[in-house]
Amino acid sequence: MSERLIEANRLIKKVMKLYYIPTTRAVRPRWLLEEMGVPYELVRVDMNMAQQPEYQKLHPHGKVPILVDEEVTIFESAAICAYLADKYIDKGMAPALEQTERGYYYQWLFYATSTLEPPVEHFMFNVLPSLPEKVLPIKVRSAISTQEALQWFDRVAEPLRKSIAVNNYLVANRFTTADIVTGGVLLWAKKLGMLSDSDPLSRYINNLMQRAAFIRADEDFYAKIAPSVQF
Ligand SMILES: N[C@@H](CCC(=O)N[C@@H](CS)C(=O)NCC(=O)O)C(=O)O
């Protein structure tokens with residue numbers, strides 16, 4: 001193999017792969033990659049992948065997103081975002097390890113998926129009872145009503161409302177990965193009609209949605225683009 005070919009292979013191997021379906025949690029790491037201007041390959045999959053053993057070798061639950069970065073294969077959207085923000089720390093999407101803001105950064109990252117997201121997911125189960133069995137098995141569907149899910153969401157969103165009432169962003173009033181992950185959850189709530197226009201969270205998310213990197217990451221929201229792989 002020529003020197004040039006070896007170098008080309010080395011470069012190709014280095015490009016990360018993001019397994020992706022539009023309008024899902026996979027938009028979060030894509031948005032972050034777009035913000036950082038880091039090269040990546042988008043591997044488009046579809047909702048029928050879950051049962052395929054080949055796909056489940058990558059993601060044990062057959063979901064998106066997955067990030068494959070050479071020998072590292074990670075699932076969970078927030079973990080992927082945290083990994084990427086640290087890997088490219090010079091891009092300024094996470095406070096440095098020694099900065100005290102790091103504590104608040106972790107707080108909002110974990111809050112987004114463990115506290116804010118569950119009522120949104122429950123709300124969706126209620127407003128979309130026709131979700132396919134493979135997406136949400138009937139036996140695990142919740143007894144929580146739409147109204148209860150909304151009240152739950154309102155309650156857990158209160159610290160977020162307080163924070164963005166005085167700042168545009170969550171950590172040190174500077175845009176970080178915490179805004180991408182939290183914004184990703186709010187975006188889902190907004191698409192489900194859980195946020196009124198007068199809710200301060202709408203101002204926060206509308207502001208985030210104007211970012212050029214977000215627009216690039218969400219551009220195929222309505223587009224029907226075929227999967228780029230088969231399993
Ligand atoms: N907690 C996981 C949730 C992953 C997840 O549920 N992904 C959904 C899309 S938002 C999915 O892949 N659904 C496809 C399916 O269930 O077949 C994360 O944040 O990555």
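Analyst: We may begin with the term itself. A salt bridge is counted where a side-chain nitrogen of Lys or Arg lies within 4 Å of a carboxyl oxygen of Asp or Glu. The model shown here is predicted.

User: How many salt bridges does a search of the whole structure find?

Analyst: The search finds 14. One of these pairs joins arginine 30 and glutamate 219, with an N to O distance of 3.4 Å. The two residues belong to distant parts of the chain: arginine 30 is in helix H2, whereas glutamate 219 is in the segment after helix H9 (212-217), 189 residues apart.

User: Are the two partners, arginine 30 and glutamate 219, buried or exposed?

Analyst: The general idea is a pair of cut-offs: a residue is buried under 20% relative accessible area and exposed over 50%, with partly exposed in between. Arginine 30 has 5% relative accessibility and therefore counts as buried. Glutamate 219 has a relative accessible area of 56%, so this residue is exposed.

User: Which residues of helix H2 are buried?

Analyst: A general point on helices comes first. An α-helix has 3.6 residues a turn, so residues three or four places apart point the same way. In this structure, helix H2 spans residues 27-36 and is mostly covered, nine of its ten residues being buried. The buried residues are Val27, Arg28, Pro29, Arg30, Trp31, Leu32, Leu33, Glu34 and Met36. After H2 comes glycine 37, which has a positive phi, near 70 degrees.

User: What does lysine 191 pair with, and where do the partners lie?

Analyst: Lysine 191 forms a salt bridge with aspartate 218, and the closest N and O atoms are 3.7 Å apart. Lysine 191 is in helix H7 (residues 177-191) and aspartate 218 is in the segment after H9, so the bridge ties together parts 27 residues apart in sequence. Lysine 191 is partly exposed at a relative accessible area of 39%, whereas aspartate 218 is buried at 11%.

User: What is the state of the partners in the bridge between glutamate 54 and lysine 57?

Analyst: In that pair the closest N and O atoms are 2.7 Å apart. Glutamate 54 counts as partly exposed, with 46% relative accessibility. Lysine 57 counts as exposed, with 63%.

User: Which residues are linked in a network of salt bridges?

Analyst: The network links Arg25, Arg28, Glu117 and Glu121.

Terms used:
Residues numbered from 1 in each chain as written. Predicted model: local features only at pLDDT ≥ 70, side-chain atom pairs only at ≥ 80, totals over all residues. Heavy atoms only, no water. Buried < 20%, exposed > 50% of the residue type's maximum accessible area, 1.4 Å probe, protein only. Helix = DSSP H or I, 4+ residues; strand = E, 2+ residues; numbered from the N terminus.
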